[in-house]
Amino acid sequence: MSLKSSLGKILLGITLGYLAGQYQEELNYYKNEAIRLCRKSLSIETESVGTKGSDAGVKLEKGAKKGKLFTKEDLWENYRGGKGSKGLHLAIMGRVYDVKKGSKHYGPGGGYSFFAGRDGTKAFATGEFNDAGLTDDLSGVETSHFREYENWVNFFDKDYKYVGKLVGNFYDANGEPTPALKEAHIKMKEAQKLKDEAEEHSKRFPQCNSEWSQAAGSRVWCSKKSGGIDRDWVGVPRLLKPATGHRASCVCIRNKGPPTLGHTSKNADRGDLDYPYLKEYEGCDPDSISCKVKRK
Ligand code: HEM
């Protein structure tokens with residue numbers, strides 16, 4: 001799908017979603033897609049910002065030691081890039097950047113001018129470009145979003161000049177990090193951990209291939225590339241019913257060699273077949289790599 005047609009679909013999706021005032025799940029999907037596409041168009045790294053287990057908090061704090069201490073009033077009154085202003089600045093996570101070279105985005109009339117002269121951190125992940133979103137108060141933001149914040153901070157560090165700190169939710173009047181900043185750093189680490197775990201999970205339990213036809217009904221099967229996970233094993237289809245809320249789905253399970261976790265002499269050559277929450281497909285040979293799905 002071309003970028004142009006994807007954008008068209010996304011914008012249509014957002015509009016329809018708002019009009020209907022419902023379909024929250026679809027709306028979230030489109031919003032996430034939009035953010036992903038925006039990041040793609042800006043080449044903002046999403047995969048590996050910070051190495052595994054890296055100390056995002058320490059890194060952010062080190063950089064934030066230098067520079068001027070701004071107040072919110074000063075930033076808002078003097079740094080929105082209008083006539084007679086002292087410059088064009090924005091803040092994210094309490095870090096203030098000179099974004100003059102991006103004035104086509106942030107200057108008066110620019111598509112992202114609402115970020116100028118303030119700390120609108122929340123909106124960098126939620127896309128709420130209004131008073132509710134353009135704030136440095138991150139209470140209620142999902143932990144998974146904190147990776148976005150880290151990525152945006154890295155983006156501004158790379159592309160713009162860091163000029164100081166903003167007295168607000170993240171730095172106190174002495175320029176010292178507040179508990180809110182420390183909490184945000186913890187959430188960044190947690191968000192990275194969640195992503196690493198999700199990646200581990202999808203490597204361990206890759207999705208099945210599936211097809212449907214009126215004549216033959218549904219079929220699921222495993223291959224060395226199913227679920228987009230390139231691997232040296234095929235596995236057998238099982239229905240995975242996670243304990244926590246998620247929907248049951250077909251995953252390919254290693255059926256040979258030691259299990260990924262919990263190796264004992266009894267399961268030394270059963271792969272992950274003994275993982276709980278797995279269900280065999282009714283009427284399907286447990287060793288088969290392909291199963292017909294029976295209608296309930
Ligand atoms: C959470 C949602 C979004 C945020 C926080 C966001 C933020 C930003 C920011 C800060 C910039 C300026 C980057 C710079 O300084 O160079 C930017 C540029 C851009 N954004 Fe977004 N954006 C979002 C959603 C979108 C969506 C939905 C689209 C398209 C459908 C989009 C398309 C673009 C494009 C094409 C540019 C580059 C413009 C240019 O270089 O002339 N963004 N975005």
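Biologist: Which residue stands opposite Leu278 in S9?

Modeller: Strands of a sheet pair through backbone hydrogen bonds, either parallel or antiparallel. In this predicted model, Leu240 stands opposite Leu278 in S9. Strand S7 (residues 236-240) and S9 run antiparallel and are joined by two bridges.

Biologist: What is the strand order in the open sheet of three strands?

Modeller: The order is S8-S7-S9, and the pairing is antiparallel. Strand S8 (249-253) and strand S9 (278-279) are at the edges; each has a single partner strand, so one side of each lacks a neighbour in the sheet.

Biologist: How many bridges pair strand S5 with strand S6, and in which sense?

Modeller: Strand S5 (residues 209-213) pairs with strand S6 (residues 217-221) over five bridges, in the antiparallel sense. A hairpin of three residues joins S5 to S6. Ser210 has Val220 in S6 as its bridge partner. Val220 also stands opposite Cys291 in S10. S6 and strand S10 (residues 290-293) run antiparallel, joined by four bridges.

Biologist: Now the helices. At what angle do helix H7 and helix H8 pack?

Modeller: Two packed helices are described by the angle between their axes and the distance between the axes. Helix H7 (residues 146-159) and helix H8 (residues 179-204) pack at about 110 degrees, and their axes are 7 Å apart. That angle makes H7 roughly perpendicular to H8.

Biologist: Which residues of H7 and H8 meet?

Modeller: From H7 come Phe146, Arg147, Tyr149 and Glu150; from H8 come Ala184, Lys187, Met188, Ala191, Gln192 and Lys195. By class, this contact has five nonpolar, one polar and four charged residues.

Biologist: Which residues of H8 are buried?

Modeller: They are Leu181, Ala184, His185, Lys187, Met188, Ala191 and Gln192. Among the residues that meet H7 are Ala184, Lys187, Met188, Ala191 and Gln192.

Biologist: What span should the 26 residues of H8 have?

Modeller: At 1.5 Å a residue, H8 should span 38 Å. Its end C-alpha atoms are 37 Å apart, which agrees with that expectation.

Biologist: Take Arg204, which lies in helix H8. Why does Arg204 count as partly exposed?

Modeller: Arg204 counts as partly exposed because it has 17 C-beta neighbours inside 10 Å, whereas a buried residue needs 20 or more.

Biologist: Which residues does Arg204 touch, leaving out those up to four places away in sequence?

Modeller: Arg204 touches Thr260 and Asp272. For Arg204 and Ile229, the separation is 25 residues in sequence and 9.3 Å in space, C-alpha to C-alpha.

Methods
Residues numbered from 1 in each chain as written. Predicted model: local features only at pLDDT ≥ 70, side-chain atom pairs only at ≥ 80, totals over all residues. Axes fitted to C-alpha atoms, helices over the stretch in contact; angles between N-to-C directions. Parallel < 35°, antiparallel > 145°, perpendicular 65-115°, else oblique. Contact = placed C-beta atoms within 7 Å. Nonpolar A, V, L, I, M, F, W, Y, C, P; charged D, E, K, R; others polar. Pairing = 2+ DSSP bridges. Buried ≥ 20, exposed ≤ 12 C-beta atoms within 10 Å, placed from the backbone. Expected span 1.5 Å × (residues − 1).
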